[in-house]
Amino acid sequence: MKRHLLLPVVGLVVLVVSVLFYFNQSTNKNNPRDEVSSLIFETPDFYNNKLIYENTLGEFYIINFFASWCKPCLAEHPLLMEMKKKGVKIIGINFRDDEENFKKWINDHGNPFEYILRDDGTIAYEMGLIGVPETFFIVNKIIQKKIQGPLFYEDVEKYL
Amino acid sequence: MKMSKSIYKLIIPFLIIHISVISFAGVNELSDYYKTIRCLVCEGQSIQESDTEFAINLKEQIQKKYNSGMPIKEINKELIKIYGEEISFDPPKNHIILWWTPLILLIIIFVFIRNKIRFFK
């Protein structure tokens with residue numbers, strides 16, 4: 001091969017590989033971070049001991065991780081109560097909490113949740129939780145949005 | 001009878017040592033692995049060093065999986081699938097372009113300079 005062709009050929013190869021690599025990345029749709037953990041539908045509700053059927057939740061619902069020891073959870077609590085009043089279905093997942101403290105917390109502050117699951121950390125791990133509170137907005141069974149930290153009015157105003 | 005007793009005397013300490021060595025190796029393998037996992041709440045620290053709820057939970061979940069017989073490699077794959085590559089201090093080197101571009105550029109520059117030098121000679 002002529003020497004003056006070497007550089008353009010190498011450049012072209014790099015370009016082609018880059019393009020192939022880019023398309024390979026963007027077609028990789030198996031991202032578990034978009035899916036709701038099946039454990040949520042295999043764990044019975046704390047109060048009525050029944051499983052949650054995803055089809056009964058409708059097109060849109062919210063999953064909220066909380067704990068009685070978590071102060072920011074208390075800060076977002078009034079917003080969750082408001083959303084419940086407006087008919088938004090919220091699954092509450094009580095993360096690594098003492099049962100008595102959790103029950104007291106719900107009694108003292110009110111229950112904004114349609115269902116409550118107690119989690120030893122396994123569901124949190126599968127959902128890729130970083131800390132509490134953390135809220136997942138689910139549309140058509142896919143995680144559309146995730147908010148780490150307490151919810152603010154702006155985050156949920158369209159549901160109020 | 002005496003013979004079998006002395007065999008037991010030999011075997012039991014050996015078994016105890018063997019079991020403790022195996023479990024110690026397991027603990028060691030896990031704690032080494034924890035050092036490669038980034039604490040996402042307190043970036044810069046590994047989950048081995050961190051005492052946050054996130055790190056404690058992650059260590060517990062990893063240990064559960066390890067004890068159920070899941071190899072560290074598989075645990076690592078799963079962890080990266082869930083949390084993304086940023087969870088690992090040693091992410092998989094599957095970004096071919098990222099890893100090879102500097103070398104390719106270096107070769108191109110080298111060839112270019114060599115050709116220029118030859119031209120001026």
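Where chains A and B meet, chain A puts in 19 residues and chain B puts in 18 residues. Keep in mind that what you're looking at is a predicted model.

**The contact between the chains**
- On chain A, helix H1 (6-26) and helix H4 (122-126) each bring at least two residues to the side that touches chain B.
- H1(A) has the largest share of that side, with 7 residues.
- Sorted by class, the side of chain A that touches chain B comes out as 10 nonpolar, 5 polar and 4 charged residues.

**Domains of chain A**
- Chain A is assigned two pieces: domain 1 (3-30) and domain 2 (33-159).
- Going by C-alpha atoms, the centres of domain 1 and domain 2 of chain A are 44 Å apart.

**The sheet in chain A**
- Chain A has an open sheet built from 5 strands, ordered S3-S2-S1-S4-S5, with mixed pairing.
- S3 and strand S5 (142-148) of chain A sit at the edges with a single partner strand each, so each has one side without a neighbour in the sheet.
- From one strand to the next, the twist averages 20°.

**The largest nonpolar core**
- As background, nonpolar side chains in soluble globular proteins tend to be buried together.
- The largest nonpolar core here holds 41 residues, and those touching the most other members are Phe65(A), Ile91(A), Ile93(A), Phe95(A), Leu117(A), Ala124(A) and Leu58(B).
- Elements of both chains give two or more residues to this core, including strand S2 (90-95) of chain A and helix H2 (53-67) of chain B.
- S1(A) gives the most to the core, with 5 residues.

**A closer look at Phe65(A)**
- Phe65(A) stands opposite Glu134(A), which is in S4(A).
- Setting aside residues up to four places away in sequence, Phe65(A) touches Ile93(A), Phe95(A), Ala124(A), Leu129(A), Val132(A), Pro133(A) and Glu134(A).

**A closer look at Ile72(B)**
- You'll find Ile72(B) in helix H3 of chain B.
- Ile72(B) counts as partly exposed because 15 other C-beta atoms lie within 10 Å, while a buried residue would need 20 or more.
- Apart from its neighbours within four places in sequence, Ile72(B) is in contact with Glu29(B) and Tyr33(B).
- Asp32(B) is 40 residues from Ile72(B) in sequence, and their C-alpha atoms are 11 Å apart in space.

Conventions: Residues numbered from 1 in each chain as written. Chains lettered and ligands numbered in written order. Predicted model: local features only at pLDDT ≥ 70, side-chain atom pairs only at ≥ 80, totals over all residues. Contact = placed C-beta atoms within 7 Å. Helix = DSSP H or I, 4+ residues; strand = E, 2+ residues; numbered from the N terminus. Nonpolar A, V, L, I, M, F, W, Y, C, P; charged D, E, K, R; others polar. Domains from an automatic or database assignment. Core = buried A, V, L, I, M, F, W, Y, C linked by C-beta atoms within 7 Å. Buried ≥ 20, exposed ≤ 12 C-beta atoms within 10 Å, placed from the backbone. Pairing = 2+ DSSP bridges. Axes fitted to C-alpha atoms, helices over the stretch in contact; angles between N-to-C directions.
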